[in-house]
Amino acid sequence: MAKRFSVILIFALLALAIAACSGKNGENNGAGGGNAAGSTNESASSEAGSSGEIKVGGSLIFGVGADPLELNPIYAGDRVSLTINQALFAPLFQVNNGEKTFYLAESLTPSEDGRTYTLKLKDGLTWHDGQPLTADDVVFTFDAILDEKQNSMFRSNLILGGEPIRAVKVDDRTVEFRLPQVNPAFEATLVQLTPIPKHIFENVANIEQSEKNLYDVVGSGPFKFKEYKPGEYLTLERFDGYALGKPNLDSITYRIAKDSNAALLALQNGELNVYYVNPQDVPTIEATGKFEILPYSEGRLAYLLFNENSANGLLAKKEIRQAISYALSREEMIQTVYSSGEYAEPAKSFVTPDGLFWTNDVATYDNDVEKAKELLAAAGTSNPKLTFIISSGNKAMEAAALYVQQKLKAVGITVEIQSLDASAFGQKFADASATDFDLAYSGYIMGYDPDAYRILYESDGDANYTHYNNPKVDELFDQGAREPDPEKRGAVYQELQEIIAEDAVIYPVAYTKTIVAVDKRFGGIEEAVLKPVVIFEDPSKLYLK
């Protein structure tokens, strides 16, 4: 199976339906959940009180735009799976504004030489099935990721200078991570590696293909698996043994539907409590008076992907990628896709503004039709044809594809738009061997440390879906990963941004905001912490007023 996008801290990618701040991954229709989802909403209504005090009980309905692909943290890369996993699995720790919040872990202590990190787990941790959660599970998770046969997208993050980072059990609550060399990005790597249960997977030959990744999932988070009906809904119920204490809600249901218009109607009718909203739809939802509209930055880049591995071979030529970029205008594209610049800022770098060493002062190919024609002529192309894949019902993708089709027609390039359902789009996008498409519109969230981006741009990167190959870039990513001096490290990533922009590996469009509508009957939003991709860092804090 093809490896999927990963995201440092939250990833994403999230190709599948991460697309654009319009939040297509949250799309659902009103018919998706059947009686189970409907009864969940009725529970929320009946439990609603007027005091505004925190109380235990009630249920929450998320709208999601596709079925989850993998409810296993060492594989999940699509927005839907990551969102559900955030409730099913507890992380070791999280980081916000440079401050750690410990979940399963009690502490993380680096050695003076930066080559060893000691992790201490909290006492009395258990999995949802009551089995103890110990250092053995952490070590097993690391070993599974490092096992090439298990095909985890995180493996490359644990290899430094050709040698693996080793997780070694000290006692039942203590693990040492031993690095082959100093790695300033290690904590950013560790924060994304959530333990999976050894007692469930230790005798499974192919963890990625296990049914335990979608049915009867055993996790450690605030909510445990209850029921999954593909194409309809997935329901989780409260786990009283959660590391941070008993959650407030009885359950969370994720209603699955792929029709965004029906999902928007379901939201207006109160059948959904949490849902991603397009910028164009904000006034409609605000007019109901029932929802808090919460726009927030995810540290996300929306971009046009060039598949250099496409069968016609056209996009393997840098000049053609540059020509396509010249034919477009990111300012126009932002207006077309996001309605205004309120939710999207022009992007030029592959790094996002929240990341270390970001700069937008790089080469850009933009808004010069004559230059585009000149480059195409020099490349010897004649009436080239390109295929642009989109996820059906994804308004951002549809708008982007139509815009690109129109603009490229003006320079002599024919673009055929191929619409796929959300699941098929995600599978094709993430298939490293796919050669039957040329263009796609997507986005990613890679977190704070730029070492995370290596999986996207290194020649053998697990998520290098552009199929870009530049030995100099590979060398610089290796150099940046091991350079302890911040000034020298910054210079490395500055050069990387310049090279990747010069090579027009992608066409960066915008640094976007996500807009989430949350039912006003629910509180605890600030305590739950709005988080990229997964919406809430800790859904246990949500409650019905």
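Rings of Phe, Tyr and Trp (its six-membered ring) pair if their centres lie within 6.5 Å; planes under 30 degrees apart count as stacked, over 60 as edge-to-face and the rest as tilted. By that rule, this structure holds 16 aromatic pairs, and we'll visit a couple.

A quick note before you click: this is a predicted model, where local features need pLDDT of at least 70 and side-chain atom pairs count only at pLDDT 80 or more, while totals for chains, interfaces and linings use all residues. Residues are numbered from 1 along each chain as its sequence is written, and side-chain values use heavy atoms, leaving out hydrogens and water.

**Stop one: Phe93 and Phe102.** Select both, and you have a tilted pair, 6.1 Å centre to centre with 50 degrees between the planes. Phe93 counts as buried at 0% relative accessibility (buried means under 20% relative accessible area, exposed over 50%, partly exposed in between, with a 1.4 Å probe and protein chains only). Phe102 is partly exposed, at 24%.

**Stop two: Tyr326 and Tyr365.** Now pick these two: their rings sit edge-to-face, 5.3 Å centre to centre and 80 degrees between the planes. Tyr326 belongs to helix α9 (residues 318–327) and Tyr365 to the loop between β15 (344–346) and α11 (369–378), so the pair ties together parts 39 residues apart in sequence. Helices here are DSSP runs (H or I, at least four residues), as are strands (E, at least two), numbered from the N terminus. Tyr326 is buried at 15%, and Tyr365 is buried at 10%.

**Last stop: a cluster.** Select Tyr303, Phe350, Tyr444, Tyr453 and Tyr457, which form one aromatic cluster.
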